[in-house]
Amino acid sequence: MPILLFILIVILIAQIGFWDTLGALFGAVGALILFVLIVAAIIGVGVNMAVRRARRRL
């Protein structure tokens with residue numbers, strides 16, 4: 001699997017150019033990081049709401 005990723009990166013560099021490819025990779029990594037942060041925030045808000053509801057019942 002890693003060799004396929006390496007070949008894909010080499011093809012992207014050959015077709016688009018190094019800096020465009022590097023920017024695309026950084027953009028993709030940034031998008032994934034933002035997605036994970038948003039999911040973590042949504043989970044945190046959900047847990048917070050659940051804890052508040054549980055405290056009201058007790």
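Helices in these legends are DSSP runs of H or I with at least four residues, numbered from the N terminus, and Ile13 is found in one such run, helix H1. The model shown is a predicted one.

**View 1. The whole chain, with its two helices.** The secondary structure of the chain comes to two helices and zero strands.

**View 2. The surface of the chain.** Buried residues make up 2% of the 58 residues. The accessible surface comes to about 5,400 Å², and carbon and sulfur atoms account for 77% of that area.

**View 3. The packing of helix H1 against helix H2.** Helix H1, covering residues 2-16, and helix H2, covering residues 18-57, pack with their axes 7 Å apart and at an angle of about 130°. Because of this angle, H1 is classed as oblique to H2. On the H1 side the contact is made by Leu12, Ile13 and Ile16, while H2 contributes Phe18, Asp20 and Thr21. Sorted by class, the residues of this contact are four nonpolar, one polar and one charged.

**View 4. The surroundings of Ile13 in helix H1.** Once neighbours within four places in sequence are left aside, Ile13 is in contact with Phe18 and Thr21, two of the residues through which H2 takes part in the contact with H1. Ile13 counts as partly exposed because its relative accessibility is 33%, a value that lies between the limits of under 20% for buried and over 50% for exposed.

**View 5. The separation of Ile13 and Met49.** These residues are 36 residues apart along the chain, and their C-alpha atoms are separated by 47 Å.

How values were computed
Residues numbered from 1 in each chain as written. Predicted model: local features only at pLDDT ≥ 70, side-chain atom pairs only at ≥ 80, totals over all residues. Heavy atoms only, no water. Axes fitted to C-alpha atoms, helices over the stretch in contact; angles between N-to-C directions. Parallel < 35°, antiparallel > 145°, perpendicular 65-115°, else oblique. Contact = heavy atoms within 4.5 Å. Nonpolar A, V, L, I, M, F, W, Y, C, P; charged D, E, K, R; others polar. Buried < 20%, exposed > 50% of the residue type's maximum accessible area, 1.4 Å probe, protein only. Areas by Shrake-Rupley, 256 points an atom, 1.4 Å probe, with all protein chains shown as cover.
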